[in-house]
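Subject: Structure handover

Hello,

Here is the structure I said I would pass on. Please open it first, then read the notes under it.

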Amino acid sequence: MHQDFDSAGIFARLKPLLLQNLGVSEEAIKDGDMALLGEDSGIDSVGVLRLVMALEKEFDIVIGDTDITPANLETLKGLIALVQQKLR
């Protein structure tokens, strides 16, 4: 059974994961609506796969193919919402 994390708790665990493992900029993390995906973000298609694997490992969740959508992965807010949904 998973502990239910609030947004701040999930953010605290996501931030170092994004900065250290995926090369996302500090600026992208400051603004929850700023795009994490795309040419200027630092996350390409390979990075998306690494991100999904890192999220699954960090939060002990399973992210299915149908969960890998721009709405879930494009912004920090989307990532937090996805993790919250999977932890329930």
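Which helices do the buried residues of H1 pack against? The model is predicted, and in it they pack against helix H2 (26-30), helix H3 (45-59) and helix H5 (76-87). The residues in question are Ile10, Leu14, Leu17 and Leu18.

H1 itself covers residues 7-21, which makes 15 residues. From its first C-alpha to its last it reaches 21 Å, close to the 21 Å expected at 1.5 Å a residue. Just after H1 comes Gly23, with a positive phi of about 70°.

Next, the pair H1 and H5. Their axes come within 10 Å and cross at roughly 120°. The crossing is right-handed. On the H1 side, the contact is made by Ser7, Ile10, Phe11, Leu14 and Leu18. On the H5 side, Leu76, Leu79, Ile80, Val83, Gln84 and Leu87 take part. Sorted by class, this contact has nine nonpolar residues, two polar ones and no charged ones.

Asp67 is found in the loop between H3 and helix H4 (70-73). Is Asp67 buried or exposed? Its relative accessibility is 10%, and the cut-off for buried is under 20%, so Asp67 counts as buried. Leaving aside neighbours within four places in sequence, Asp67 is in contact with Val62, Asn72, Leu82 and Lys86.

Regards

Note on methods: Residues are numbered from 1 along each chain as its sequence is written. This is a predicted model: local features need pLDDT of at least 70, side-chain atom pairs count only at pLDDT 80 or more; totals for chains, interfaces and linings use all residues. Side-chain values use heavy atoms; hydrogens and water are left out. Helices (H or I, at least four residues) and strands (E, at least two) are DSSP runs, numbered from the N terminus. The expected span of a helix is 1.5 Å times one less than its number of residues. Buried means under 20% relative accessible area, exposed over 50%, partly exposed in between (1.4 Å probe, protein chains only). Contact means heavy atoms within 4.5 Å. Axes are lines fitted to C-alpha atoms, for helices over the stretch in contact, and angles run from 0 to 180 degrees between N-to-C directions. A crossing is left-handed if the near helix is turned anticlockwise from the far one by less than a right angle, and right-handed if clockwise. Ala, Val, Leu, Ile, Met, Phe, Trp, Tyr, Cys and Pro count as nonpolar, Asp, Glu, Lys and Arg as charged, and the others, Gly among them, as polar.
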